[in-house]
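Please take a walk through this model with me. Have the chains on screen and follow the residue numbers.

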Amino acid sequence: MAGALTTQTQYETVIGLEVHVQLKTQTKLFCACSTQFGVEQNQNTCPICLGMPGVLPVLNRQAVEYGILAGLALNCGIALITKFDRKQYFYPDLPKGYQISQYDLPVCHDGYLEIMGQKIRILRAHLEEDAGKLVHAGAAGLAGSTHSLVDLNRAGVPLLEIVSQPDMRSSEQARLYAETLRNIVRYLGVCDGNLEEGSMRVEANVSIRPLGSETYGTKTELKNMNSFRSIQKAIDYEVARQTELIDSGERVIQESRLWNEATGTTASMRSKEEAHDYRYFPDPDLRPLEISPEWVERIRQAMPELPLQRLNRLQEEFGLSEYDASVLVELKELGDFFDEAVEHTSHYKALTNWLMGDITAYLKNNHKNLEDTRLTPKNLALMVQMVDSNQISSAIAKKILPDLIETGTAPDMLVKEKGLIQNSDESQIQQICQQVIVENAEEVAAFRSGKEKLFGFFVGQVMKASRGTANPEVVNRLMRELLKG
Amino acid sequence: MNEQSQEGALALHQRIQAGELSALEVLDNTFATIEKLDPQIEAFNCLTKDFAYKTAEEVDKAIKAGQRLPLLAGVPLALKDNIHLKGVKTTCSSKILENYVAPFNATVTNKLCEHMIPVVGKTNLDEFAMGSSTENSAFRKTKNPWDLSRVPGGSSGGSAAAVASGQTFISLGSDTGGSVRQPAALCGTVGLKPTYGLVSRYGLVAFASSLDQISPFASNVQDIAAVLQVISGADPLDSTSLQNVPPMDYLASLDKPIEGLKVGYITELLEAGLQPDTKAAIESAMKTFESLGAKVEPVSLPNLRYAIASYYIIATAEASSNLARYDGVRYGSRLNADKDILQMYLSTRAQGFGDEVKRRIMLGTFSLSSGYYEAYYGKAQKVRQLITNDFKNAFNQFDLLLGPTSPTTAFKIGEKSSDPVEMYLSDIATIPVNLAGIPAISIPCGFDQQHLPIGLQLIGPHLSEAVLLQAASAFESKTSLKNLHPQTLASV
C-alpha cells in the first residue's frame, strides 16, 4: 500500500453546510413591513420589527408556505405541528433581545440532496427572522470606527435555515451542494439565491479526521463566503490549515472563522468555547402552528419544475446535449426563455446556440440581464426561422441581434427597415459578380493561374457590394461558374 | 369625592345619552375630583386632559346631532400606565421608560376611542406590573383610599385606587397573577380577569406573555360587564387572542337568577394563612349563595400548592425575555453612551430597572439557562398543566368555584416590601387562575374589623364570563355591597 510507505497521515475532510435563504415574501415574517432591498436605512420598519414595548408578532403564512415548498423539494418531512422559539442574546442589531426562530420542532426535517452520486442528508430546515445590520462609522471598517449605526430594514425578514448533516467529503462537493440548493430555491421562486447581496448565506462546518476514523475532528465554522467559488476556496484553505496544525502536533480550536477573499485566508472571529447560552424557550406570543396534510398536498401540487426535472426534459424532449441542457438549467432565465421560444420554432439546437453563444456574450459585454432587455422568445424564434428558411443569412442575423435585443422590434421588421432581406435573385447577383471580376482583373488572372485561395476574396467582395444581403450559396455557385470563364 | 360616582358608570352614561348631563360637565367634575383627591392618593402618573376633552366634545357633538351613543360613551376612564395611548408617555412606572412616548394605540385603547370613552390619565403600577402593592413604582407610592397608610394592592394599584376613591368610574389594569383582582379586593372595587385571549394584548407592555390579560375595574358588576363588552374581541394583531368566540351580550344575562348553580369552594384556599375576618366573610358569602338557591360544596384542587413556585418560574422566565429589549439602543433611557456597548448595556439596565424587576430578570434568566431548563422551566410547565387539569376536573362537578381573592386585607405600606417571598404569597389565591387561563372576578364581600374591604373571588371555566358576572351580580344585589367609596375621603 502506497500510504504505508510514508509516515504522513491521510485525512478525510468532513463538511456540513448551514445555508440561510432569504424568502422572497412581500412582507416580513412577523409584521407588515416591506422586504424590499436597497431602500433608505430604517425605512422598512414599524413598531413591531423595531421591538417597541407592547408589540406582538403575527406569523406570515406565505413564509410558511415557502418553507414547506422548499422542504418538499429537498425531500424533507413536513412537521404536523411546528412552533416558534426565542433565541436570546444581546446585540444592537437584534431589536427584541431575542430572535424568533425554531428550536425543537422545525417546519421541515430529514431530507436529502444527491450530489456527485451521493446522498447528502439534510437534518432540518427552520424558519426564523433575520437581524438588522450594523454600519460602523468613523473609519473604513470595524477597526478604528468610533461608533456604529443600526439599520433595521432587514430585521424581521424571513429566512429558512437549511442545515445539512456532515456528509460532504470534499470542497467541490460542498460547492456543488450549495449551487444545487441555490438552483432549487430559485426554481421554486422562494429566494433570489444571491450570495453577493446576501439573500443566500452559506456557512461551512469543516473538520478533518484520519481516514477510516469513526469520530469527528474538532470543527471550525467558516463565514463570509460571497461566491460559490469562495466556498470551495475557503474550505480548501481551512483543510490545509487544519492539516498543518494537526501534523505539527497542535490542535484545532472550535471557533468561527471569517473568510477573507482578498488574502485567500481565514481568520478567527471569536471562540465558540465561550459561546452564548441562547436560553431557547417557546415564544408565548405565538401559538403552535398546525400544518394539515391537505395544506402540504396543495403546496406539493403547485410545485414548479425543479432543476433536475428540467435537465432531463430538455434532453428527452428537445434532444439537447447534456452540456447544453445543463447550461440552460444553471441559468434559469435562459432555460425559461428557451421554453417559451420553442413554442414558435422547432430548431432547438439553433435556438440553444444563439442563447448560449451570441446572446450570452452580448449580455456579458453590456453587463445586462436577459430580463432587463426587450428581447422576446418569439422574436428570437422568428429570427431562427428566417435563417433556416434562407430569408436572412447568419451574418445578417448577427447584425440585427443588438437591435433585436434592445428595441424589441420583430426580426422581419428589422431586416425590412434596414434593407437586409436576403437577395437570391440570380440576375442581380450575377451582375454584381461580373462587376467584381471586372474591377479585380489582376486577382482574376492570378486565380485562373492556380491561386484558388483567392476564391474567398471574390465572394467577400460580392457580399460587401451587396451589404451582406446576397445569398452566399448563390454567390458561391455563380462566382465559381463565372471564374471558370 | 365625585358625587356622580355614587351611581356608577352605566347610569352616568345613560344620563349623558338622555342629555341630562354633558360629557364636558362630567369631565370637569372628574378632573376637579382628581385635583382634590389625588395629591393624597397618588393614583395617577399623568393626566391626559387634552385627549379626554377632545373625546368629551365628540360625545356632546353626537348628542346634539341626535345620535345614539356607543356603550359607555362619555364615562371617564383611567388607564394603567403599561397600556399605550398614542402620543402619551407609557412609563410602566419604570425609570427606563420614564420618557417613552407611545407611538401607537393599544387595541383596547382603539376600542375606547370608538366608544368615545375619555381616558383621563395613566395610573401608577408596580414597575412593569411586577408586585402586589404598587410600592415597586419608580415614581410614587399609591395609597389605599380606605386607609392612606396602607397599600392599594398591586400591580394595578393606581387603577384600583382611582375607582375606589371615586376619581374615575372605571379603569383598566392588567392581571398576570392577580394584579387586578387583588387590588380590587384590597380597595373594595370589582375586578374581572377575563379568559386568556378574550381581550387583545396588543399595546399592553408585556410582563409575562402567557399570563397577562388586560382587565377592568369598576364599582359594581354591571359596569364591569359593560367595560368587558367594550374591550373584548378577537384581534388580528394578537396571535393569542381567541378567534371564533361567538359575540356575547354580557349585560343581558346579569339579572337572571342563579338557582341551582353549583358552586365549589376551594378547600385549599380556606385553610392556612387566611386572616380570620377574611375567612369569616368568605364563609358568610357561601351562605349568601346558598340563600340565592346555589348549591355550595367543598372541592379540592391538590396541585394548587405548587402554583406559586410554578408561577414564579414561568412568569420570570417570560419577563427576563420580554424585558431584554430595554437595552438603551433604540428608545428609553441610555446611560454611559460614550463607553463601549457592554458598558452602555450594563449601566442602562442596572440603573433603569428597580430591584424587583432585576430580581425577576435574574430568576428567569437562571431558570432558562442551559442545564437548568428542564429542572425549572420544563417542570413548571408540567405543573401548570396539572393545575389546569385540577380546574377542569373541578368544573366537571361545579359551575363556578369560590374562594378569597387575597388571604389578607390591605397591609401597611412598607410592611412586606423587605420580604419578597412574603409578598409573593399574597397572590396564592389569584395565581392559579392565570396559570389555567380561565376567568375570575373579585367582588366586595364585607369589611374586616378595621373597616378594610374584603374581596370574594369567583372562578369560572374557559369563557364563562357571562355566568361569572351573573353570579357576581346576584351576590351584589343580595348584599348591596356595591359602589363602595370610603366616606372619610369626602372631607379631604
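What follows goes from confidence to sheets, then to the interface and some backbone details.

This is a predicted model: local features need pLDDT of at least 70, side-chain atom pairs count only at pLDDT 80 or more, and totals for chains, interfaces and linings use all residues. Residues are numbered from 1 along each chain as its sequence is written, chains are lettered from A and ligands numbered from 1 in the order in which they are written, and side-chain values use heavy atoms, with hydrogens and water left out.

Start with confidence. pLDDT is the predictor's confidence in each residue, on a scale from 0 to 100. Chain A has a mean pLDDT of 92, and 97% of its residues reach 70 or more. Residues 1-5 of chain A are below 50. Where pLDDT is low, the predicted coordinates should not be read in detail.

Now the strands of chain A. Strands (E, at least two residues) and helices (H or I, at least four) are DSSP runs, numbered from the N terminus. Two strands pair if DSSP finds at least two bridges between them. Take the open sheet S5-S4-S15 of chain A: its 3 strands pair in the antiparallel sense. Its edges are S5 (98-101) and S15 (281-282) of chain A, each pairing on one side only. S4 (residues 85-88) of chain A joins S5(A) through 4 bridges. Here Lys87(A) has Gln99(A) as its bridge partner.

Move on to S7 (residues 118-129) of chain A. With S6 (residues 108-115) of chain A, S7(A) forms an antiparallel pair over 7 bridges. Cys108(A) stands opposite Ala125(A). The hairpin of S6(A) and S7(A) has 2 residues between the strands, and Met116(A) takes a positive phi near 50 degrees there. S7(A) also runs antiparallel to S10 (residues 158-164) of chain A, again with 7 bridges. In that pair, His126(A) is partnered by Glu161(A).

How do chains B and A meet? In chain B, 39 residues are in contact with 32 residues of chain A. The buried area is about 2800 Å², and carbon and sulfur atoms give 57% of it. Buried area is the accessible area (1.4 Å probe) that two parts lose on being put together, summed over both. On the chain B side, Ser239(B), Arg325(B) and Arg330(B) lose the most area to chain A, together 21% of what that side buries.

Which side chains meet in a salt bridge? Asp285(A) and Arg201(B) do, at 3.1 Å, N to O. Two elements give two or more residues to the chain B side: H9 (307-322) and H10 (341-352) of chain B. H9(B) gives the most, with 4 residues.

Finish with the backbone. Most residues other than glycine have a negative phi, and most peptide bonds are trans. His367(A) has a positive phi near 50 degrees. His367(A) lies in the loop between H8 (348-365) and H9 (377-388) of chain A. A cis peptide bond joins Gly154(B) and Ser155(B), with omega about 10 degrees. Look for Ser155(B) in the loop between S3 (119-123) and H5 (157-164) of chain B.

Note on methods:
Contact means heavy atoms within 4.5 Å. A salt bridge is a side-chain nitrogen of Lys or Arg within 4 Å of a carboxyl oxygen of Asp or Glu.
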